[in-house]
Amino acid sequence: MKNHKQVAVDSNFVINNYKNYATERKQALFKIKPGSEQKVTAQSPAANEQFGYSVVIEGNYAFVGHPFPTSTQPGEVEVYQKSNGTWTFKQVLVASDATNGDQFGYSIDASGTTLAIGAPQTEDNSETNHGAVYIFDLQANGTWTQTVKLTADNKGASDVLGSSVAIDGDVVVAGAENEDTTASNAGAAYVFTRSDGSWSQTVKLVASDGAIEDYFGKAVSVSGNTALIGAYEDNDNGGNSGSAYIFERDEAGNWTQTAKLTATDGAVNDYFGNAVSLSGFTALIGAPHDDDKGSSSGSAYIFERDETGNWEQTAKLTASDGAQDDYFGSAVSLSGDIALIGARGDHAGTVYVFQKTVDNVWRRIDQVTASDGASNDAFGAAISVSRTSIVVGAIFDDDNGSSSGTAYFYKIEPSEEFATRTPILQPPFSLLTPGVHSLRTK
């Protein structure tokens with residue numbers, strides 16, 4: 001039997017309720033394409049080099065770092081290009097002034113035709129392990145070439161600049177988690193900006209409440225005029241509970257801290273902020289030692305900025321099959337409404353795919369493990385997602401020697417499964433017609 005209710009329809013009703021009453025939305029859910037796995041190893045593989053320690057996809061290019069090749073090498077980044085659905089090796093990138101132990105490739109990020117590579121153990125002006133970020137640009141002939149080396153104006157020993165790096169357009173944010181301006185190892189992040197083709201340091205970011213061994217800058221992300229900085233050993237919710245900071249750039253180019261993010265259920269040794277990713281006004285933050293599904297099972301949190309500019313926690317994500325020492329949230333990657341979360345400790349390792357659906361709920365829609373995964377491969381230690389592809393690092397894979405490492409590519413595509421937002425009321429009339437109407441309800 002159908003139920004009816006009397007509703008007075010006026011202009012306010014139309015404005016406030018039209019989408020809910022009159023609009024049915026259908027959304028395709030993304031899945032990992034079966035059979036799309038492609039595994040790659042280093043061009044000159046060796047034990048303990050941890051190929052796949054850092055990964056990123058940008059368009060039809062992918063970059064895989066191995067910062068620990070051998071004791072006599074400084075680290076490398078390999079470039080792959082996608083053609084007809086297959087990823088093909090293109091070139092090896094090394095720093096122009098490379099020296100042994102620089103850890104070039106410890107962190108990488110790309111935006112358009114520009115690539116930023118962190119080398120946190122470089123020495124500059126006799127400051128050991130100060131660190132640096134190298135910029136490579138795609139040339140007309142299809143090769144990537146180093147164009148500049150970025151270092152901080154106030155160089156300090158053991159700052160490890162480049163232990164994390166993020167780029168969006170003409171802005172690079174680089175973490176220096178051991179920097180000591182606020183307190184010992186409180187950490188800092190440096191913003192570099194490109195203008196008329198030249199890069200320069202524009203500001204040094206520190207937490208307003210930075211304290212000893214917060215390690216602000218452990219993880220960084222930037223999207224437009226917003227930067228997200230992780231401080232995974234901050235103590236607001238207990239020792240090493242962790243936090244993350246939002247900085248925003250105004251029209252004059254000034255960066256200001258506008259929010260400090262902590263988990264609503266943060267606890268001792270969660271390490272919230274160990275991994276961060278920002279897309280628009282949505283932040284994804286990993287807490288790999290959270291204990292919801294067992295000790296260090298891990299979790300990840302979604303924060304979103306509302307219309308008033310406030311950042312609020314809107315979701316907490318965990319693995320439905322989570323277990324002790326999975327470290328879910330040890331790596332995260334966000335692109336629009338698709339979130340990738342790595343659980344490197346889950347036996348061989350697992351990557352989970354979440355999607356924000358039309359009903360504003362983040363749902364686990366898929367998960368993937370390596371077809372040849374073995375115990376302790378750490379598949380998911382590094383991840384990156386684009387709209388059509390993902391790349392995953394498995395740094396302890398042993399194909400070419402102990403912990404030689406590998407990287408896996410997968411295709412991600414819309415599936416035949418849909419999420420639908422169905423109107424609560426099914427009106428048999430135009431809501432643009434004022435008056436009192438009898439509406440059929442579900």
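Start with the largest nonpolar core of this predicted model. Select Leu-340, Phe-379, Ile-390 and Tyr-410: of the 22 residues in this core, these four touch the most other members. Now color the elements that give two or more residues to the core: strand 2 (25-32), strand 25, strand 26 (350-356), strand 27 (362-368), strand 28 (379-385), strand 29 (389-394) and strand 30 (406-421). Strand 30 is the top contributor, with 4 residues.

Next, jump to Tyr-61, Leu-115, Ile-117 and Ala-119. They belong to a second, separate core, which has 17 residues.

Now go back to strand 25, residues 338-343, and bring up strand 24 along with it. The two run antiparallel and are joined by 6 bridges. Which residue of strand 25 is the bridge partner of Ser-335? Click on Ile-338 and you have it. Between the two strands of this hairpin sit 2 residues, and Gly-336 in the turn has a positive phi of about 65 degrees.

Stay with strand 24 and select residues 328-335.

Finally, zoom out to the whole chain. In cartoon view you're looking at 1 helix and 32 strands. Of the 442 residues, 53% count as buried. As for contacts between residues at least 6 apart in sequence, 53% join residues at least 24 apart.

Definitions and conventions: Residues are numbered from 1 along each chain as its sequence is written. This is a predicted model: local features need pLDDT of at least 70, side-chain atom pairs count only at pLDDT 80 or more; totals for chains, interfaces and linings use all residues. Side-chain values use heavy atoms; hydrogens and water are left out. Buried means under 20% relative accessible area, exposed over 50%, partly exposed in between (1.4 Å probe, protein chains only). Two strands pair if DSSP finds at least two bridges between them. A nonpolar core is a set of buried Ala, Val, Leu, Ile, Met, Phe, Trp, Tyr and Cys residues joined through side-chain atoms within 4.5 Å. Contact means heavy atoms within 4.5 Å.
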